[in-house]
Amino acid sequence: MQTKSITPEEFKEGQILLFDKPLGWTSFQLVNKVRWLIRKSCNIKKIKVGHAGTLDPLASGLLILCTGKFTKKIDEYQAQEKEYTGTFTLGATTPSYDMETEANKTFGVDHISEENIFGAALEFIGEIDQVPPVFSALKKEGKRLYEYARNGEEVVIPSRKVEIREFEITEIRFPEVDFRVICSKGTYIRSLANDFGKTLGTGAYLSSLRRTKIGGFIVEDSLDIASFENLLP
């Protein structure tokens, strides 16, 4: 974890900042907050700050921020493998595949055993075809997918190849299933939850998510906003 104070010149030359994004914040809000704090404390009119890979508001965990000249490294960090932990809730689906929207369908879970759950996880390991959620910031014909969804418009979303290198079931508390996943860039854990439910012959949605690792960076080395303010001049 960064403990040494950072000078205005160092921010401009480029810094990699690891943050533990709070639950309920958008990635954009965190970037804006950090940019504002740097400008205010360093008396800088303009400073580049960007993040390397969006985390949904309902997810917490590791978010890499780059400042100054290091914003050119963002694509490099976005491409790295990521690790997540979280919880799927079985027996229902939501339009957003998580808790942003309310359940629209319910299903029975009595036919599902722990053996079924462990077996289903194995089916996703390797390269898979995944359809991103319609409630996402991806663009189709210049419009965000979530805009179509919120307007009730139908939209066809093509699948894409992603890789799940590890998919571990860490605890089962029916109807909740805790997991750990290591996956490639572009993987939607919300879509994985939805597909996991289908494989089990029921519904499922993502009820909690935390990003714990990006490449060699780990969330244990990250800062919160209060810690970051202590590094400012």
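Start by selecting Y84 and R211: in strand β12, R211 is the bridge partner of Y84. This is a predicted model, where local features need pLDDT of at least 70, side-chain atom pairs count only at pLDDT 80 or more, and totals for chains, interfaces and linings use all residues. Residues are numbered from 1 along each chain as its sequence is written, and side-chain values use heavy atoms, with hydrogens and water left out.

Now widen the selection to the strands. β4 (residues 82-90) and β12 (residues 204-214) run antiparallel, joined by nine bridges. Strands here are DSSP runs of E with at least two residues, helices are runs of H or I with at least four, and both are numbered from the N terminus; two strands pair if DSSP finds at least two bridges between them.

Stay on β4 and click T89. T89 has 10% relative accessibility, so it counts as buried (buried is under 20% relative accessible area, exposed over 50%, partly exposed in between, with a 1.4 Å probe and protein chains only). Show side chains and you'll find a polar contact of 2.8 Å between T89 and S207. That term means a pair of N or O atoms within 3.5 Å; within protein, one must be able to donate a hydrogen and the other to accept it, and residues adjacent in sequence count only if both atoms are side-chain atoms. Beyond four places in sequence, T89 also has contacts (heavy atoms within 4.5 Å) that include P175, E176 and Y205.

Look for A59 opposite L209. Further along β3, pick I64: its relative accessibility is 0%, so it counts as buried. Among the residues I64 touches, leaving out those up to four places away, are L17, H51, Y77, I214 and F217.

Those last two take you to a hairpin. I214 has F217 as its bridge partner in β13, and β12 and β13 (residues 217-218) run antiparallel with two bridges. Two residues lie between these strands, and G215 in the turn has a positive phi of about 55°.

Last stop: helix α4 (residues 114-122). Colour I117, A120 and A121, its buried residues. Down the axis of α4 they fall within an arc of 100°, so they line one face of the helix (the arc is that of the directions from the helix axis to the C-beta atoms). They pack against β4, β10 (160-173), β11 (176-183) and α6 (189-199).
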